[in-house]
Amino acid sequence: MEKTNVIAHFMGFPGKLKDKVMEIVKKTMKIGKDDPRKIWHAAKVGLALTLVSLFYYFRPLYDGFGQSAIWAVLTVVVVFEFTAGATLSKCLNRGFATLLAGALGIGAKYFADLFGKEGEPIVLGFLIFTLGAVGTFTRFFPHMKRKYDYGILIFVLTFSLVTVSGYRVDEILELAHQRLTTILVGAATCMIISLVVCPVWAGEDLHKLVCGNLDKLATFLEGFGSEYFSFSEIEESGKASKEDKGFLQAYKIVLNSKATEETLANFAWWEPGHGSFRLRHPWKQYLKIGVLARECACHLQALTSYFNSNPQAPTEFHKRIEEACTRMSMESSKALKQLASSIKTMTQPPSSAAETHLKNSKTAIDDFKAILATTKTPLLSNKLDLLEIFPAITVASILIDVINCVERISEAVEELSVKAHFKKVKNKESSPSPEKQPQQQLLHRGIVKPVVDDVEGGDDSVVIEICGGTVAAAVEVNSPGGTKGEAQKDRV
């Protein structure tokens, strides 16, 4: 029996292997299809490794650097990142840290020689302990850890290697020169390829991420009003479909975007000016908008709990506040969409439509307060009625908090537009209509000439002729005696 199971297992192994390979192929194709930049990144890393490997393949280059050429290969593997900002950050940190640590290591070696053979290891050990401890403690500072953590790590590592190896090697200066040169060559190769060959900008990714988060919040608010106020009826009829409420989970992505935003903002700080983004683009302002967006998402998370609470508010009260709450939700959604569009297109309209939607939402708040003020006392006659309407009042209160949060997001976006020098869009309505302007000029330049027509029995009439920029008017007037009045001419 056991032999049969073993044979069956081996017989089914080719099929399982084939299925596993097909699964890996499908996942690989999906990753490449979702973001083709990842394919280009893999190709760029391969190109950089091939170029620095020439230090080993060509004899003249190998004779100049020797075994230290391997540091160029190690540098490419360690510092080449997906975005250009991340690559620049690691390359510059590694380059300056290696240069500074190498210089200090050589200086420490010559300084320790002054104390003789017996005192040299003691001095070197003391210097390694001091710089290693100070450098490691410096990494705990938030600002240093955010931007220079990798550089401090390389500084401690390089100083320790140069100092310790220099104790047994006589040609310490030549060794440090070779290592420093090969590291700089590897770093320069990575920076050039990362900036020239299909660059991936961290700043652009941050820009799109913030826009997408605002759109997700707007999508939630757009469908919240109708979904919540139709919830009880749908539950009773049994037609509710959870699959149609996928937009209610979009806010979770916004809540979990803090780490990504901070990382992208840090890498974007290292990037040069590119496209519509200047050299000193206000990347910190994106983080401020992200904080406000997550605060708004927390309010939305509180709203989602009322979809599962099956509210049983009185039908009369529910219907009375439905319009005001729906307007609060919809106007907030429109304001967020307008703000996201402004960031996405990097434009600053002269009269912001977001302010108009915020005013409409505040008007809806006033309507809701008026409804509460005019609510009849019998509706709140006992505790049961109060408990039934309390969830609906709480939802409206949360929507008011959302509107206040959207207003602060609007102020942050306006501040970003000023600091980033967004383009201003001209208001088309402010310019005069080309069709109306000739008519106004025509009315001021015409000549009215009343004339008498010989048509008998005719009533009073006015004939206007337009020719050559003049207006001629003929007026026929019947006198009381049946005779026609004299023609008069006037100029206007």
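Modeller: Of the 492 residues of the protein chain, 38% count as buried, meaning under 20% relative accessible area with a 1.4 Å probe and protein chains only. This is a predicted model, in which local features need pLDDT of at least 70 and side-chain atom pairs count only at pLDDT 80 or more, while totals for chains, interfaces and linings use all residues. Residues are numbered from 1 along each chain as its sequence is written, and side-chain values use heavy atoms, with hydrogens and water left out.

The residue to look at is Trp-283, placed in helix α14 (residues 283-304); helices are DSSP runs of H or I with at least four residues, numbered from the N terminus. Trp-283 counts as buried because its relative accessibility is 7%. Beyond its neighbours within four places in sequence, Trp-283 is in contact with Gly-203, Leu-206, Ala-265, Ala-268, Trp-269 and Phe-277, contact being heavy atoms within 4.5 Å. A polar atom of the Trp-283 side chain lies 3.4 Å from the backbone oxygen of Ala-268.

Trp-283 also belongs to the lining of the largest pocket, where Lys-147, Ala-265, Trp-269, Trp-283 and Lys-284 lie nearest the centre among 15 lining residues. A pocket here is an open set of points on a 1 Å grid over the protein atoms alone, where a 1.4 Å probe fits, with protein on both sides within 12 Å along at least five of seven lines; lining residues have an atom within 4 Å of a point. Helices α8 (142-166), α13 (258-270) and α14 each supply at least two residues of this lining.

How values were computed:
Buried < 20%, exposed > 50% of the residue type's maximum accessible area, 1.4 Å probe, protein only. Polar contact = N/O pair within 3.5 Å; in protein donor to acceptor, adjacent residues only side chain to side chain.
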